[in-house]
Amino acid sequence: MTANVTGGSVDPEPEPPPGDGDCVAGEETLCLQNGRFKVEVDWWTAGGEPSAAIVVPKGTDDSGLFRFFDPTNWEMLIKVLDGCGVNEHVWVYGASTTDLGYAIRVRDTVTNAVARYRNEAGEPARAITDNKAFSAACGEGSLAEALADGETGARLPEPHRNRAPLVSAASGSANCTPSGTSLCLADGRFEVTVDWSTADGRRGSGGAVPGTSNSGLFYFFGEDNWEMLVKVLDGCGVNEHHWVYAAAATDLGLDIAMTDTATGAASTYSKEPGAPAPAITANDAFAGSCRP
């Protein structure tokens, strides 16, 4: 069984085989939740043949990353979370900063159940917020830690087709100074901050997790539970713009602020709580940022 990112599917769950958590990490294999869950990803362009995504050597027991191309250009965030204490399921959350096609396979190595998620080439990827991914994982010998309080997920509703715009404005910033709540990307030129909100009115600032010169992460609750992947890429040689790509593995409300500290130009992105966050794939952001 397969599904696109508007829904996940789980194969019939056989009797658990001997052993527990036999995932073996590798260049193309990500192991999460103490090695119990095995994650693999294939990606493709329109009309192209699939290629295996490569695991980024940076992650936590809950959260991991994949890249498709350059090692500094991260593409996908995948999380496996223990929601047994909330709804007796293990949850799969994911986000990808791309409109390429991809297929994700998450296997519970104890039960051999497999959840699959798919995006077709040409569609900006939506967040995966599957809080009913694995039920048998909450039985005897289930995961030890409960999900951090505060995050709730929708069961993958119909696709959110409206691509959220980036709105330009002016800012007086002089340079980027990284902090616990801000990332500095594109060799320190662009400052990025994120605020989150819930449907019942709770709000907070995302915690920054530095990555590479152009890619970074934010968490909202536990430091091991990464929520958002953000990239600013230099596209000056292609279309005379800097490119903004972002994806959040959540259905929370978001307010993202990005500032070009060299020019003072700013772009913002906002979404309300409820629908899974669509990817931002803006290769026309920051007009004028390529001029001397």
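The model is predicted. Its largest nonpolar core holds 28 residues. An open sheet of 5 strands runs in the order 5-6-7-8-11.

**Nonpolar cores**
- Phe66, Ile104, Val106 and Phe134 touch the most other members of the largest core.
- Seven strands each supply at least two residues of this core: strand 2 (30–32), strand 3 (37–44), strand 7 (74–83), strand 8 (89–96), strand 9 (101–108), strand 10 (114–119) and strand 11 (128–134).
- Strand 3 contributes the most, with 4 residues.
- A second core is separate and has 27 residues, among them Leu183, Phe190, Ile280 and Ala285.
- In soluble globular proteins, nonpolar side chains tend to be buried together.

- Pairing in the 5-6-7-8-11 sheet is antiparallel.
- Strand 5 (54–55) and strand 11 each have a single partner strand, so one side of each lacks a neighbour in the sheet.

**Strand pairs**
- Strand 5 pairs with strand 6 (residues 63–67) over 2 bridges, in the antiparallel sense. Val55 stands opposite Phe66 of strand 6, and Phe66 is also one of the residues with the most contacts to other members of the largest core.
- Strand 6 and strand 7 are antiparallel over 5 bridges. A hairpin of 6 residues joins them. Arg67 stands opposite Trp74 in strand 7.
- Strand 7 and strand 8 are antiparallel over 8 bridges. Here Lys79 stands opposite Tyr93 in strand 8.

Technical notes. Residues are numbered from 1 along each chain as its sequence is written. This is a predicted model: local features need pLDDT of at least 70, side-chain atom pairs count only at pLDDT 80 or more; totals for chains, interfaces and linings use all residues. Side-chain values use heavy atoms; hydrogens and water are left out. A nonpolar core is a set of buried Ala, Val, Leu, Ile, Met, Phe, Trp, Tyr and Cys residues joined through side-chain atoms within 4.5 Å. Buried means under 20% relative accessible area, exposed over 50%, partly exposed in between (1.4 Å probe, protein chains only). Two strands pair if DSSP finds at least two bridges between them.
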